[in-house]
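Please walk me through this protein model in short questions and answers.

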Amino acid sequence: MHDKHGLRRSLRACRKAVDARARVMSAQRVARRGLPLLRRAHRVGIYWPVGSELDPRPLARALMRAHRAVYLPVADRRPGRPLAFIPWRPPFAPGPLRIPEPRWGRRMRARRLDAVLVPLVGFDARGWRLGQGGGHYDRTFGFVRRARGRPVLIGLAYECQRLTQAPREGHDVRLHAVVTERRLYRAQDAVA
């Protein structure tokens with residue numbers, strides 16, 4: 001059994017060691033590499049970067065310039081509930097998880113999205129993801145294990161977050177792909 005706590009600590013330290021200039025360049029490279037994966041996606045969920053997470057906003061801006069609808073997750077105030085998604089629209093305010101969320105907008109269920117950009121702490125080349133540990137994404141996208149098709153789940157990360165084998169449990173949801181500043185890892189055949 002992997003020590004998830006120790007892995008998270010080590011991977012977060014690796015992420016934090018990426019200097020400010022490299023962060024900006026990495027986010028731009030990921031946007032260029034990730035945009036073709038989303039060519040058929042009309043409704044795309046993204047995340048607001050927290051701490052040292054790779055910033056998906058350059059990719060979000062490219063999607064909006066391409067006339068795609070971009071959505072941010074919103075957490076329910078009741079613990080254990082799946083995330084909903086609201087159109088990216090300022091103003092933003094901290095939600096129940098203290099992460100910026102749109103202050104208003106119609107909530108949409110995750111099933112209605114075509115693709116979702118997923119934050120992560122670690123990943124492996126087969127698409128298994130080590131998340132923050134709260135289970136929000138696994139809980140929200142658990143239906144993807146049983147359903148084929150949408151939404152396509154794409155992790156965004158720095159190459160230093162790659163593991164030989166990510167720890168996994170029965171409730172974990174596999175990503176379809178992971179995009180880093182250096183390459184694209186296709187875990188499954190589905191693309192948006």
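Q: Is Gln161 buried or exposed, and at what relative accessible area?
A: This is a predicted model, in which local features need pLDDT of at least 70, side-chain atom pairs count only at pLDDT 80 or more, and totals for chains, interfaces and linings use all residues. Residues are numbered from 1 along each chain as its sequence is written, and side-chain values use heavy atoms, with hydrogens and water left out. Buried means under 20% relative accessible area, exposed over 50%, and partly exposed in between (1.4 Å probe, protein chains only). Gln161 is therefore buried, with a relative accessible area of 1%.

Q: Which loop holds Gln161?
A: Helices (H or I, at least four residues) and strands (E, at least two) are DSSP runs, numbered from the N terminus. Gln161 sits in the loop between strand S9 (152–156) and strand S10 (177–179).

Q: Which backbone nitrogen does the side chain of Gln161 reach?
A: A polar contact is a pair of N or O atoms within 3.5 Å; within protein, one must be able to donate a hydrogen and the other to accept it, and residues adjacent in sequence count only if both atoms are side-chain atoms. A polar atom of the Gln161 side chain lies 3.1 Å from the backbone oxygen of Leu120. At 2.8 Å, the Gln161 side chain also reaches the backbone nitrogen of Tyr158.

Q: Which residues does Gln161 touch, not counting residues up to four places away in sequence?
A: Contact means heavy atoms within 4.5 Å. With residues up to four places away in sequence not counted, Gln161 touches Leu11, Arg15, Leu120, Val121, Gly122 and Phe123.

Q: What covers the buried residues of H1?
A: Helix H1 covers residues 4–16. Its buried residues are Lys4, Gly6, Arg8, Leu11 and Arg15. What covers them includes helix H2 (20–34), strand S7 (122–123) and strand S8 (129–130).

Q: How far apart are the end C-alpha atoms of helix H1?
A: The expected span of a helix is 1.5 Å times one less than its number of residues. For the 13 residues of H1, that rule gives 18 Å, and the end C-alpha atoms agree, being 18 Å apart.

Q: Which residues of S6 are buried on its two faces?
A: In a regular strand the side chains alternate between the two faces of the sheet. Both faces of S6 are covered, with Ala115 and Leu117 buried on one side, and Val116 and Val118 on the other.

Q: What is the bridge partner of Ala115 in S9?
A: Two strands pair if DSSP finds at least two bridges between them. Strand S1 (residues 43–45) runs parallel to S6, joined by 2 bridges. S6 and S9 are also parallel, over 4 bridges. In S9, Ala115 has as its bridge partner Val152.

Q: Which residue in S10 does Leu156 stand opposite?
A: S9 is mostly covered, with 5 of its 5 residues buried. S9 and S10 pair in the parallel sense over 3 bridges. Across in S10, Leu156 stands opposite Val179.

Q: Which residues does the cis peptide bond join?
A: Pro91 lies in the loop between strand S3 (84–87) and strand S4 (92–94). The cis bond has an omega of about 5 degrees and joins Pro90 and Pro91.

Q: What is the relative accessible area of His67?
A: His67 lies in the loop between H3 and S2. Its phi is positive, about 65 degrees, although it is not a glycine. His67 is exposed, with a relative accessible area of 73%.

Q: What radius of gyration does the protein have?
A: The radius of gyration is taken over C-alpha atoms, and the globule rule is 2.2 Å times the number of residues to the power 0.38. For 192 residues, a compact globule would come near 16 Å; the protein agrees, at 15 Å.
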